[in-house]
Amino acid sequence: MSTTTNNQTTGAAAPTTTGTASADQPNVLHNFPVSDVPQNPLGEGRYIKTAAALIIGDEILNGKTLDRNSNYFARYCFEQGVELKRIEVIADDEDEIVEASRRMVKNYDFVITSGGIGPTHDDITYASLAKAFNQPLVHHAETLRRMGEMTRNRPGIVKQTAEQRRARERMALFPAQAEVLYTEGEIWVPVIRLEGKLCVFPGIPRLFQRMLDGLTPYLPLPPPHERPFRQQVFTSQPESSIAPFLTELQARTKGDGIRVGSYPLLSHGVYVSLIGQDREAVRAIAEETAKVLEGRLVSDDEAREIAKQKEKGAA
């Protein structure tokens with residue numbers, strides 16, 4: 001198991017609760033060293049082109065918890081120029097985790113898991129991944145140290161029995177050959193990377209988001225010129241009314257690598273999404289689309305906010 005650190009720390013403000021995969025966290029600011037950036041795990045000159053997400057948890061499948069992490073990951077991939085090819089949600093089941101993780105690592109350049117790394121009996125992600133890639137589980141000394149540093153002053157932690165301490169220390173029980181990447185100086189939980197591709201994240205959205213953003217320097221991401229550009233157009237016309245134009249537009253622009261999509265907002269109109277590598281070409285097509293459909297150009301942020309407000313109004 002490899003761990004490298006330096007004295008660089010993150011500049012983000014400390015969250016009101018920092019630190020563990022099970023929300024067992026103190027309100028104390030820490031600035032642990034973050035990991036050094038290792039060599040490109042895909043090989044020199046190669047970069048991530050495809051990605052997949054494996055969301056793990058019975059609570060997602062039975063509706064108790066809303067999965068926000070796959071949406072955040074999808075946006076992250078798009079912004080980084082990575083094509084997200086697959087999202088799967090599976091139960092806390094060893095066989096399912098083993099099968100899905102092996103398949104995804106074989107088929108995609110970058111795979112993330114979310115969930116199942118807490119201290120309880122149903123948190124089996126680390127153990128299942130160790131089995132998937134034929135590795136024993138070992139306690140990671142530096143993670144145990146950081147965990148202890150961040151939780152040592154909590155009364156509930158100080159009074160734990162030996163059995164309770166063992167449960168807590170399960171959160172530092174990693175596959176032996178994993179890379180251990182500390183991406184946030186204020187969080188003791190590391191990102192565990194297996195096979196140079198599969199990165200393990202907590203299910204708590206706040207931690208997931210911070211740790212994913214913090215992982216960016218550690219990923220061989222596409223260069224800026226390889227990243228797609230998206231322009232959206234909003235029109236108040238019904239989707240059926242604009243369908244003939246969009247069909248003709250996609251046929252005309254497909255050869256230029258431009259993708260055309262339409263996304264109706266119930267009883268309010270339609271967002272037309274235009275995606276391509278050539279920013280100027282996409283912009284020109286978007287302006288044509290706005291004119292023909294009597295619509296207007298909107299940013300991704302504006303489109304999300306409008307959709308959110310309309311959904312609230314319809315609720």
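This is a predicted model: local features need pLDDT of at least 70, side-chain atom pairs count only at pLDDT 80 or more; totals for chains, interfaces and linings use all residues.
Trainee: How many bridges join strand 4 to strand 9?

Mentor: First, the general idea. Helices (H or I, at least four residues) and strands (E, at least two) are DSSP runs, numbered from the N terminus. Two strands pair if DSSP finds at least two bridges between them. Here, strand 4 and strand 9 (residues 198-201) run parallel and are joined by four bridges. Strand 4 also pairs with strand 2 (residues 50-56), again in the parallel sense, over five bridges. Within that pairing, Val111 in strand 4 is the bridge partner of Ala52.

Trainee: Are the residues of strand 4 buried or exposed?

Mentor: We call a residue buried under 20% relative accessible area, exposed over 50%, and partly exposed in between (1.4 Å probe, protein chains only). Strand 4 (residues 110-114) is mostly covered, with five of its five residues buried. Phe110, Ile112 and Ser114 point one way, while Val111 and Thr113 point the other way.

Trainee: In what order do the four strands of the open sheet stand?

Mentor: The order is 11-12-10-13, with antiparallel pairing. Strand 11 (259-265) and strand 13 (296-298) are at the edges with a single partner strand each, so one side of each has no neighbour in the sheet. On average, neighbouring strands of this sheet are turned by 30° against each other, direction ignored. For such angles, axes are lines fitted to C-alpha atoms, for helices over the stretch in contact (heavy atoms within 4.5 Å), and angles run from 0 to 180 degrees between N-to-C directions.

Trainee: What joins strand 11 to strand 12?

Mentor: Seven bridges do, and the two strands run antiparallel. Gly261 stands opposite Ser273 in strand 12. The two strands form a hairpin with three residues between them, and Ser267 in the turn has a positive phi of about 65°. Strand 12 (residues 269-276) is also joined to strand 10 (residues 229-235) by seven bridges, with Phe229 opposite Gly276.

Trainee: Which helix lies across strand 10, strand 12 and strand 13?

Mentor: That is helix 10 (residues 279-292), running at about 5° to strand 10.

Trainee: What volume has the largest pocket?

Mentor: On a 1 Å grid over the protein atoms alone, a cavity is a set of points where a 1.4 Å probe fits but cannot get out, and a pocket is an open set with protein on both sides within 12 Å along at least five of seven lines; lining residues have an atom within 4 Å of a point. The largest pocket has a volume of about 1400 Å³. Of its 41 lining residues, Ala74, Arg75, Phe78, Arg230 and Arg304 are the closest to its centre. Helix 11 gives the most to this lining, with eight residues.

Trainee: How much space lies in the largest cavity?

Mentor: About 30 Å³. Its lining includes Phe110 and Asp109.

Terms used
Residues are numbered from 1 along each chain as its sequence is written. Side-chain values use heavy atoms; hydrogens and water are left out. Grid points are joined across faces, edges and corners, and a volume is the space filled by probe spheres set on the points.
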